[in-house]
Amino acid sequence: MHNALDQIRGEACSLSFFSSGQFTNPMVIRVAGLAYQKGFGGHFHNDNSIGALRDIPGLILCVPSRGDDAARMLRGCISTAKTSGRVICSLEPIALYHEKDLYEDGDSRWLFDYPPTDEILLPGEIGLYHPEAKDLLIVSYANGLRLSLRAAKVLQEKHGIESRVLDLRWLNPLPLDAVKHHAEECGAVLVADECRATAGGIADAVIASLAENDFHGRCAPSGPSTPMSRSARPPIWSSYRKPDYRCGKRDYETDEINETDEKIHRGETGSPIKINFRLFCCRAIQSILDISDEKSHGGHIIRVESSKLKSGSVFC
């Protein structure tokens with residue numbers, strides 16, 4: 001799949017745009033992917049990065065988590081491609097191809113009847129498990145759905161926590177409105193993302209959307225590089241106030257930073273320590289232009305080696 005990314009991005013998905021809608025490339029690409037092998041890595045065999053697919057403009061990304069959903073979603077993909085001329089990638093988790101059990105060996109609870117031919121799932125339609133639960137919302141997809149259902153069972157039996165599990169199904173575009181609706185009903189969200197934390201999955205987009213849309217509950221990601229023990233922490237925005245963008249004003253004539261900025265930066269105002277982007281950049285650049293060997297700004301040490309600075313350049 002990674003070998004074909006340039007063709008998908010530069011040809012298949014861009015034809016309609018560059019031809020002003022005169023031509024389209026309706027197609028559905030089935031891809032076997034996501035993590036499945038132990039001890040044999042590489043992005044061609046354990047594809048735990050879907051960021052490259054989600055970054056392609058116009059591409060719809062479909063990721064089924066169970067057999068019957070895969071059939072319904074594939075029908076939806078073909079219907080959408082035919083009616084709207086879209087390019088759709090159906091990314092299927094290889095690890096689940098031969099799985100039969102959900103909670104324990106031999107329970108056969110991950111086997112499903114083939115759905116009737118008139119049943120279809122279209123982009124944006126999510127899957128929901130334990131809709132009556134309101135203690136925690138677990139958001140996941142693909143391999144993560146099966147594991148999240150197992151986790152929900154453990155949370156209920158051992159800790160008395162009732163967990164609602166949401167299967168995203170469609171990762172581009174993400175069904176963010178549905179996530180926000182169920183997040184507000186539960187008040188706490190855990191995003192179980194099996195892909196890489198460095199923009200390889202969807203956790204960053206889901207949590208950012210909740211933050212930008214004034215979700216005030218607890219929210220955290222859990223993935224390969226985020227232990228579950230850390231996921232229980234409340235997010236920064238649940239306890240911090242919204243940034244005051246009036247702070248950080250700078251007098252460029254006198255090269256001074258106002259007193260309010262200094263107090264906020266040192267945490268002397270009684271509010272959480274915060275520093276806006278412009279103020280941070282101003283301080284960093286000021287330190288570099290001074291060509292100081294070492295400078296301390298509010299407890300942050302910025303070291304600059306003048307021998308590495310080229311004339312006319314600013315390194316930050």
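Ser 90 lies in strand 3. Strands (E, at least two residues) and helices (H or I, at least four) are DSSP runs, numbered from the N terminus. The model is predicted: local features need pLDDT of at least 70, side-chain atom pairs count only at pLDDT 80 or more, and totals for chains, interfaces and linings use all residues. Residues are numbered from 1 along each chain as its sequence is written, and side-chain values use heavy atoms, with hydrogens and water left out.

Ser 90 has a relative accessible area of 3% and is buried. Buried means under 20% relative accessible area, exposed over 50%, and partly exposed in between (1.4 Å probe, protein chains only). Not counting residues up to four places away in sequence, Ser 90 touches Ile 29, Arg 30, Val 31, Cys 62 and Pro 64. Contact here means heavy atoms within 4.5 Å.

Four strands make an open sheet with mixed pairing, in the order 1-3-2-7. Two strands pair if DSSP finds at least two bridges between them. Strand 1 and strand 7 (170-172) are at the edges with a single partner strand each, so one side of each has no neighbour in the sheet. From one strand to the next, the twist averages 25 degrees. Axes are lines fitted to C-alpha atoms, for helices over the stretch in contact; angles run from 0 to 180 degrees between N-to-C directions.

Strand 2 (residues 60-62) and strand 7 run antiparallel and are joined by two bridges. Cys 62 stands opposite Trp 170 of strand 7.

Strand 5 is largely enclosed by the rest of the structure, because five of its five residues are buried. Leu 136, Ile 138 and Ser 140 point one way. Leu 137 and Val 139 point the other way.

Strand 5 runs parallel to strand 6 (residues 163-167), with five bridges between them. Leu 136 has Ser 163 as its bridge partner in strand 6. Strand 5, helix 5 (residues 143-159) and strand 6 form a right-handed β-α-β unit. A crossover is right-handed if, with the strands pointing away from the viewer, the path from the first strand over the helix to the second runs clockwise. Strand 8 also runs parallel to strand 5, through three bridges. There, Val 139 has Val 191 as its bridge partner.

## Nonpolar cores

In soluble globular proteins, nonpolar side chains tend to be buried together. The largest nonpolar core in this model has 37 residues. Such a core is a set of buried Ala, Val, Leu, Ile, Met, Phe, Trp, Tyr and Cys residues joined through side-chain atoms within 4.5 Å. Ile 50, Tyr 141, Leu 168, Leu 171, Val 189 and Ile 202 have the most contacts inside it. Elements giving two or more residues to this core include helix 1 (5-12), strand 3 (87-93), strand 5 (136-140) and helix 7 (203-212). Helix 7 supplies the largest share, four residues. A second, separate core has 13 residues, including Leu 102, Trp 110, Tyr 129 and Leu 136.

Among the contacts of Val 189 are Leu 136, Leu 137, Val 139, Leu 210 and Phe 215.

## Cysteines

The disulfide count is zero, a disulfide being a pair of cysteine sulfur atoms within 2.5 Å. For Cys 13, the nearest cysteine sulfur is that of Cys 89, 9.4 Å away. Cys 13 counts as buried at 14% relative accessibility. Cys 195 is buried too, with a relative accessible area of 2%.
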